[in-house]
Amino acid sequence: MIFDVITWNVDPEIFSIGQLSIRWYGLLFASAFLSGYIVFTRYLKTDRLTPEMLDELLIYIAVGTVVGARLGHCLFYEPDYFLKNPVEILKIWKGGLASHGAAIGILLSLWLYIRKHKLSFLWMIDRIVIVVALGGAFIRLGNLFNSEIYGLPTDRPWGFEFLRDKLYDSTTGALLPVVARHPTQLYEALSYFLIFGILFIFYRKRHMKVRDGFIFGVFMILLFSARFFIEFVKNEKVAFEEWMQFNMVQLLSLPFILAGVAMIVWTKMKPAYFSLKPIPKQSKKANKK
């Protein structure tokens, strides 16, 4: 065996100028939007979207992501605290963003954007989720540099010792020894890169003739299935999240997975429901051929 454990002691701050601090998480969060914008404008752009519409779309997505992720964390995980201290919701720099809330925020912002420009919902979201998967990978790498959202102790050779994140015994208050843990940030990042590749292949393979909404459905199933299973080795944070054998993240993932399955089935049964142009029906002669 080449190594028994990986020691992780990276400073989350790249450099600072006075009170201005440049951190890895902020850089990778910004990279999520930049990479998504580049991929969208280079490979997913169509004549339906002008450069001005693309710039406006980026703003909608950015606002929907940040607002949704923050409200999702506050209302899903610690509602009692944040409802009593609503001003704390605005303090994003203290941490606390939920991917499920981000998903809801993106969907709502897209709905507003699509309604304004009278576009097809499924046509647009099939393209958006491709870059969302890519952006999610960058954000999880940011969590790695912050030494946060890691997993349970492990004896696997790829376990990470996160030296910067101090854990204390809830009873005695004593500092707990550092142990190797599952790098669940990397598990998720790699999963999202893989999902991005799969969705991109579906989109680029024109001969596959995928229906509007199919890529969106596959995205929902793959991404939230990855979240569901990775949670089994992720460090639990809030005691009330537990319900039977699942925590809050897993319970929130199940409706998204089911929605993805429903979307694939629905678009097959009603392929023109959200389309701007009805899909022509094949003639009986063509079907016989």
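In the predicted model, methionine 124 touches Phe40, Leu49, Leu57, Leu110, Tyr113, Ile114 and Leu119, when residues up to four places away in sequence are not counted. Methionine 124 also belongs to the largest nonpolar core, which has 44 residues and in which Phe40, Leu49, Leu110, Met124 and Phe219 are those with the most contacts. At least two residues of this core are supplied by each of helix H1 (24-44), helix H2 (51-76), helix H4 (99-117), H5, helix H6 (184-204), H7 and helix H8 (248-269), and the largest share, 12 residues, comes from H5. Another core, of 7 residues, lies apart from it and includes Leu28, Leu144, Phe145 and Phe160. In soluble globular proteins, nonpolar side chains tend to be buried together.

The crossing in which H5 passes H7 is left-handed. On the H5 side, the residues that meet H7 are Leu122, Ile125, Asp126, Val129, Ile130, Val132, Ala133 and Arg140, and their counterparts in H7 are Phe214, Ile215, Phe216, Phe219 and Arg227. Divided by class, this contact of H5 with H7 has 10 nonpolar and 3 charged residues, with no polar ones. Phe219, a residue of this contact in H7, is also among the residues with the most contacts inside the largest nonpolar core.

For H1 and H6, the packing angle is about 20° and the axes lie 13 Å apart, which makes H1 roughly parallel to H6. H1 passes H6 in a right-handed crossing. Here Val39, Tyr43 and Leu44 in H1 meet Phe196, Phe200, Tyr203 and Arg204 in H6, and the residues of the contact comprise 6 nonpolar and 1 charged, with no polar residue.

Although serine 147 is not a glycine, its phi is positive, at about 55°. Serine 147 is buried, with a relative accessible area of 2%. Isoleucine 149, which lies in the loop between H5 and E4, likewise has a positive phi, near 55°, in a residue other than glycine. Most residues other than glycine have a negative phi.

Methods
Residues are numbered from 1 along each chain as its sequence is written. This is a predicted model: local features need pLDDT of at least 70, side-chain atom pairs count only at pLDDT 80 or more; totals for chains, interfaces and linings use all residues. Side-chain values use heavy atoms; hydrogens and water are left out. A crossing is left-handed if the near helix is turned anticlockwise from the far one by less than a right angle, and right-handed if clockwise. Helices (H or I, at least four residues) and strands (E, at least two) are DSSP runs, numbered from the N terminus. Contact means heavy atoms within 4.5 Å. Ala, Val, Leu, Ile, Met, Phe, Trp, Tyr, Cys and Pro count as nonpolar, Asp, Glu, Lys and Arg as charged, and the others, Gly among them, as polar. A nonpolar core is a set of buried Ala, Val, Leu, Ile, Met, Phe, Trp, Tyr and Cys residues joined through side-chain atoms within 4.5 Å. Buried means under 20% relative accessible area, exposed over 50%, partly exposed in between (1.4 Å probe, protein chains only). Axes are lines fitted to C-alpha atoms, for helices over the stretch in contact, and angles run from 0 to 180 degrees between N-to-C directions. Angles under 35 degrees count as roughly parallel, over 145 as roughly antiparallel, 65 to 115 as roughly perpendicular and the rest as oblique.
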